[in-house]
Amino acid sequence: MSHYQQTSEQFLEWLKGQIPLISHMGLGKPAYDGTSLTLSAALAPNVNDKGTGFGGSLATLATLCGWAMVTLYLREQGRDCDVMIRDSQLKYIAPVTGDFSAITRLPEQAELDTFMTYMDSKGRGRLNLNVEIRQGGKVAMTLSGAYVAVERG
């Protein structure tokens, strides 16, 4: 088992204790490699009255994926921070008719460097992420969000 797999699986277990809702979303094992994160969910517990993915569940998984990416990145930098989403824009593109995933990647190194410079000088920073909800190879929803991190203590 790789360092990233062990870390992300332990992280998911910790997260389920922090946010009870996600224990009911049918989440699968996260896939994390240090630069990208994928969180998968089953359709059945996230279905709406039309038999497709409930928009609120898609938004929740996308928001959570970005939040987890920022949190994991900061932990790898040795930082203990509170992370929250500041704002986001959602675009629903296609209905979800089966199990689905949220996928995000860290931004370019220059943006990460700027983020960490703010963390070092002000104890807080903002990172913009794009998250896609995919079913198979198709994009069903996108989230563009700004996440804020604040150093604890």
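Is the crossing of helix 2 and helix 3 left-handed or right-handed? It is right-handed. Keep in mind that we are looking at a predicted model.

Let me stay with that helix pair. Helix 2 covers residues 55-76, and its axis comes within 13 Å of the axis of helix 3. The two cross at roughly 70°. Angles of 65 to 115 degrees count as roughly perpendicular, so helix 2 is roughly perpendicular to helix 3.

Who makes the contact? From helix 2, we have Val 70, Tyr 73 and Leu 74. From helix 3, we have Leu 112, Phe 115 and Met 116. By class, that is 6 nonpolar residues, with no polar and no charged ones.

Strand 3 and strand 6 run antiparallel, joined by 11 bridges. Strand 6 spans residues 138-151. Here Cys 81 has Glu 151 of strand 6 as its bridge partner.

Next, strand 5 with strand 6. This antiparallel pair has 12 bridges. Asn 128 is bridged to Ala 146 in strand 6. The two strands form a hairpin, with 2 residues between them. Look at Gly 136 in the turn: its phi is positive, about 60°.

On to strand 4, residues 100-105. Strand 4 pairs with strand 5, again antiparallel, over 4 bridges. Ala 102 stands opposite Ile 133 of strand 5.

One last point, on the faces of strand 5. In a regular strand, side chains alternate between the two faces of the sheet. Which residues of strand 5 lie on the covered face? They are Gly 125, Leu 127, Leu 129, Val 131, Ile 133 and Gln 135. The uncovered face has Arg 124, Arg 126, Asn 128, Asn 130, Glu 132 and Arg 134. Two of these names came up earlier. Ile 133, opposite Ala 102, is on the covered face. Asn 128, the partner of Ala 146, is on the uncovered one.

That's the tour. Over to you.

How values were computed
Residues numbered from 1 in each chain as written. Predicted model: local features only at pLDDT ≥ 70, side-chain atom pairs only at ≥ 80, totals over all residues. Heavy atoms only, no water. Pairing = 2+ DSSP bridges. Axes fitted to C-alpha atoms, helices over the stretch in contact; angles between N-to-C directions. Parallel < 35°, antiparallel > 145°, perpendicular 65-115°, else oblique. Left-handed = near helix turned anticlockwise from the far one by under 90°. Contact = heavy atoms within 4.5 Å. Nonpolar A, V, L, I, M, F, W, Y, C, P; charged D, E, K, R; others polar. Buried < 20%, exposed > 50% of the residue type's maximum accessible area, 1.4 Å probe, protein only.
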